[in-house]
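Visitor: Please take a close look at the ligand shell, and then follow the elements around it. Into which residue classes does the shell around the ligand divide?

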Amino acid sequence: MTVPTQRYPDRPGQELADPAFWQLPPGERQAAFARLRALDAPVFVAEGRGRGHWALVRHADVQEASRLPKVFASAPGVTTPEPARWVRALFGDSMVNLDGPDHAQLRKIVQRAFTPRLLAAAEADIHAVAARIVDDVLAERPDEFVSAVASRLPLEVICNMMGIPEHYRPEIADWVNHASENIGVERGLTARLRMPGRGLRALARMQRMVAGIGRERRRNPQDDLISALVRANVDGQALGARQLGAFFSLLMVAGVETTRNAITHGLTLLTDFPDQRDLLLGDFERYADGAVDEMIRHSTPIIQFRRTVTAEHELGGHTFAPGDKVVLYYASANRDEAVFPDPDAFDITRSPNPHLGFGGGGPHFCLGAHLARVEMKALFRELLTRPVGLRAVGLPDLAGSNFDNRVRSLRFAFDRP
Ligand code: HEM
């Protein structure tokens with residue numbers, strides 16, 4: 001049986017469309033990306049029935065395309081295939097899929113969530129939630145890291161910021177899993193992100209719940225994000241019920257899934273590279289920021305986003321035509337040897353570390369980058385300094401997604417409290 005990386009000898013890059021490729025060990029996938037980076041120009045990856053995409057795999061190319069949003073547009077969608085029109089009509093357009101003034105207007109409204117005042121309040125909360133999670137770990141000694149630790153922090157933090165009542169939260173955690181469990185897994189590029197019934201039902205229920213809370217907060221405002229988003233500000237701008245639902249769903253996938261995967265890969269990296277773990281433990285405050293960014297570079301929680309070309313343009317040795325689909329492989333850009341010496345090493349002192357884990361710059365740059373960094377730093381401070389010898393046990397159970405570097409589960413242990 002040929003392995004996916006050898007199955008297409010005359011069509012370099014074609015393995016990216018093969019679901020089996022995404023089941024390979026990470027090292028083999030990275031070796032395939034290294035071969036593509038060494039080529040003179042981006043390759044075309046056929047996806048069947050006339051469809052396909054150009055793969056941008058070099059750091060410089062991904063960054064340039066990200067910063068030229070007029071040519072490399074996010075509409076009609078950054079995922080493959082783009083969300084069906086009826087899904088967008090029913091659930092509202094997500095800001096990741098919009099361009100120009102439509103995107104700028106929505107981003108301006110939701111940026112209220114990320115003002116220094118709200119972020120400062122969130123920071124105090126993040127430390128308290130991280131400490132509580134580790135209290136529970138010490139008391140209950142669970143052995144599965146994703147459910148007991150990594151997914152709890154980002155979900156709690158976003159729900160606290162939004163002002164979601166406690167009783168909805170267990171259900172929200174289930175909805176998030178159902179809405180995202182099949183994204184990019186084992187179904188080939190053409191089926192990616194086509195939502196099964198369970199995912200759609202989860203999204204619909206989440207939408208109804210948030211719309212209900214929004215109506216209540218319009219009448220009865222509190223000091224939380226939903227109240228800020230549904231009440232008109234000085235420009236008279238506010239989110240409607242559908243827009244609020246779309247933003248909440250985006251935060252759940254963009255903010256919860258990504259951060260939980262980054263934290264889980266972070267634990268594996270600290271276990272696999274004990275010298276780096278010792279360095280971090282020796283002076284946590286000095287090395288923590290570098291460690292968090294290196295975890296994000298090395299694991300790249302979002303593997304890729306797509307753009308659609310709007311005008312003829314030359315980039316990276318290829319001239320793109322209007323209508324071309326282009327995929328920005330952040331996972332490859334973050335291992336580009338032209339930018340990162342010894343790119344497969346996990347080096348918490350790497351400086352500079354211009355990784356593209358939060359995007360390549362430009363108008364869509366991750367809105368939650370600061371929040372994610374604060375969450376990871378707070379949690380690892382608690383995890384490394386309270387239980388003694390906390391470590392991953394065995395390999396993470398990877399979902400094999402071609403969209404995000406999702407971990408289903410990871411066993412862990414520690415020696416003593
Ligand atoms: C380690 C954690 C995270 C990673 C790796 C990550 C990664 C990304 C990436 C790659 C993008 C696309 C950037 C682009 O297209 O140029 C993005 C966008 C976004 N992220 Fe994050 N993210 C993380 C955490 C968060 C958190 C905690 C939140 C919010 C609470 C968040 C909210 C968003 C939003 C709203 C967008 C869309 C921005 C726009 O379209 O204007 N992310 N993120």
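Guide: The residues of the shell around the ligand divide into 18 nonpolar, eight polar and two charged. In this division Ala, Val, Leu, Ile, Met, Phe, Trp, Tyr, Cys and Pro count as nonpolar, Asp, Glu, Lys and Arg as charged, and the others, including Gly, as polar. The model is a predicted one, in which local features need pLDDT of at least 70 and side-chain atom pairs count only at pLDDT 80 or more, while totals for chains, interfaces and linings use all residues. Residues are numbered from 1 along each chain as its sequence is written, and side-chain values use heavy atoms, with hydrogens and water left out.

The ligand is surrounded by 28 residues, of which H103, R107, R307, H364 and C366 are the closest; a residue is near the ligand if one of its heavy atoms lies within 4 Å of it. Seven residues of this shell, the largest share, come from α12. At least two residues each are supplied by α4 (100–110), α12 (241–272), β4 and α16. Helices are DSSP runs of H or I with at least four residues, strands are runs of E with at least two, and both are numbered from the N terminus.

The side chain of H103 places an N or O atom 2.6 Å from an oxygen atom of the ligand. For H364, a polar side-chain atom lies 2.7 Å from an oxygen atom of the ligand.

Helix α5 (116–140) has 25 residues and reaches 36 Å from its first C-alpha to its last, close to the expected 36 Å; the expected span is 1.5 Å times one less than the number of residues. Its buried residues (under 20% relative accessible area, with over 50% exposed and partly exposed in between, for a 1.4 Å probe and protein chains only) are L118, L119, A122, I126, V129, A130, I133, V134 and V137. An α-helix has 3.6 residues a turn, so residues three or four places apart point the same way.

Just after α5, R141 takes a positive phi of about 45°, although R141 is not a glycine. R141 is in the loop between α5 and α6 (145–150) and is partly exposed at 43% relative accessibility. T300 also has a positive phi without being a glycine, near 40°. T300 lies in the loop between α14 (284–299) and β4 (304–309) and is buried, with a relative accessible area of 2%. Within α14 itself, V292 is buried at 5% relative accessibility and touches R373, M376 and K377, not counting residues up to four places away in sequence.

Definitions and conventions. A polar contact is a pair of N or O atoms within 3.5 Å; within protein, one must be able to donate a hydrogen and the other to accept it, and residues adjacent in sequence count only if both atoms are side-chain atoms. Contact means heavy atoms within 4.5 Å.
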